[in-house]
Amino acid sequence: MKTFVKMLRDESGAAAAEYALILAIVGGAIAIAAVNLGGAVSASMNRATDCIAAGGGDVDAVTAACAATAAT
């Protein structure tokens, strides 16, 4: 019984549990940020692809198409 009570009072494992909780929170935040950043990068790439396709290879037309897309 004394061993069980001693184990309940022992707080050496509490620090490890707290670090694990902090790690899980930080990991979740990084995952959410990565998903949001991935969507933003994808949208930017699609917008750039549309600009280049609308320009048809002419530099001035691509510039004009991208300027029109950026304004909206």
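User: Leaving aside neighbours within four places in sequence, which residues is Ala-65 in contact with?

Analyst: Contact means heavy atoms within 4.5 Å. In this predicted model, Ala-65 touches Cys-51, Ala-54 and Gly-55 in that sense. The C-alpha atoms of Ala-65 and Ala-54 are 6.2 Å apart, although 11 residues separate the two along the chain.

User: Where is Ala-65 placed, and is Ala-65 buried or exposed?

Analyst: Helices (H or I, at least four residues) and strands (E, at least two) are DSSP runs, numbered from the N terminus. Ala-65 lies in helix α3, residues 59–71. Buried means under 20% relative accessible area, exposed over 50%, and partly exposed in between (1.4 Å probe, protein chains only). Ala-65 has 17%, so Ala-65 is buried.

User: And what is Ile-30, buried or exposed?

Analyst: Ile-30 belongs to helix α2, residues 12–55. Ile-30 is exposed because its relative accessibility is 55%.

User: How many helices and strands does the protein chain have?

Analyst: There are three helices and zero strands, in the order α-α-α.

User: What are the ground rules?

Analyst: Residues are numbered from 1 along each chain as its sequence is written, and side-chain values use heavy atoms, without hydrogens and water. In this predicted model, local features need pLDDT of at least 70 and side-chain atom pairs count only at pLDDT 80 or more, while totals for chains, interfaces and linings use all residues.
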